[in-house]
Amino acid sequence: MLPLVVLLLGSASCGSAQLIFNITRSVEYTACNESVIIPCFVNNVEATNINEMYVKWKLKGKDIFTFNGALQKTTHGDKFKSTKIIPQKLLTGIASLEMDKEEAVVGNYTCEVTELSREGETIIELKYRIVSWFSPNENILIVIFPILAVLLSWGQFGIVTIKYKSSLVKEKTILLFVGGLVLTIVVIVGAILFVPGEYSTKNSCGLGLIVIPTVILILLQYCVFIIGVWISPFTIAILILQVLGYVLSVVGLSLCVSECNPVHGPLLISGLGIIALAELLGLVYMKLVASNQKTIQPPRKAVEEPLNGMWLLQTCIFFLIYYPIII
């Protein structure tokens, strides 16, 4: 009986023979992480010198990282060259493994820690979580506003096509049709690439195709105003509003496109919303003018003096045809 008591007292004086870990079942990382940290915390480290510590990390039974405190030597697995721990923190029980996101592999990682004659291990599962670049509501608005603006632009085109009978106007509407068709295709392709998902080059390109080409809407609306109602203070105000919306959307795009967690989404959406609003006001204005006339005829001043503003029309045509190609 006495030897057993002595043995128990000796074990108590030497501390626990097993290292106790703070259990972490799993940890997640996303596309926004630049690096991945897999936690490993020991609660009862008693060593006072790093030379007494030995750490080994394994994935699927294979060693991917080891640290030998006695030899002050670190070893990396073939596909895990960026793996590291902070040796100075081992004495406080922190043996967490850090690696670049590109080398992270989903799976169960084993952290083994040895302190002189004591040892222990814990298993942590590394998971990958897909996080949407923008919030669901922002995704919807970013796609809906440009598509709505394009549809409203087609509405303006329809009014001009139906009401105008002049052969000269018909020639101009052909150019408007081509410009509107190119814009529609580009925006649809952008929306497909931007389909809600995590931050990636594909999504960024899609967002750019949605936002940048909306400048064509300004040119289209300007040309429609020239054909249908000429330029009035109200139409100028609509065009200024649309230019303002475009500037806001481009600024928002430049701030969001390089951020994995965009915080300027509302600015981008506000700009796109203003563009759609300007198109709506233009459509309503064109509809009101059309309802007051059985058949809209080209303004007399535009017929009698065709050279006035012709260079502006040519500029519109140039941008309608070549701007999408440049983009």
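**Cavity and strand**

Analyst: The largest cavity holds about 90 Å³ of space. This is a predicted model, where local features need pLDDT of at least 70, side-chain atom pairs count only at pLDDT 80 or more, and totals for chains, interfaces and linings use all residues. Residues are numbered from 1 along each chain as its sequence is written, and side-chain values use heavy atoms, without hydrogens and water.

User: What counts as a cavity?

Analyst: On a 1 Å grid over the protein atoms alone, it is a set of points where a 1.4 Å probe fits but cannot get out; lining residues have an atom within 4 Å of a point. Points join across faces, edges and corners, and the volume is the space filled by probe spheres set on them. The structure holds 2 cavities of 30 Å³ or more.

User: Which helix gives the most to the lining of the largest cavity?

Analyst: Helices are DSSP runs of H or I, at least four residues, and strands are runs of E, at least two, numbered from the N terminus. α2 gives the most, with 5 residues. α2 (136-163), α3 (167-193) and α5 (215-228) each supply at least two. Trp154 and Phe157 are among the lining residues.

User: Is strand β5 enclosed or open?

Analyst: Buried means under 20% relative accessible area (1.4 Å probe, protein chains only). In β5 (residues 53-59), 5 of the 7 residues are buried, so the strand is largely enclosed by the rest of the structure.

User: Which strands pair with β5?

Analyst: Pairing needs at least two DSSP bridges. β5 runs antiparallel to β9 (residues 107-115), with 7 bridges. There, Trp57 partners Cys111. β5 also pairs antiparallel with β6 (residues 62-68) over 6 bridges. Lys56 partners Thr66 in β6.

Note on methods:
1 Å grid on protein atoms, 1.4 Å probe; cavity = no way out; pocket = protein on both sides within 12 Å on 5 of 7 lines; lining within 4 Å. Buried < 20%, exposed > 50% of the residue type's maximum accessible area, 1.4 Å probe, protein only.
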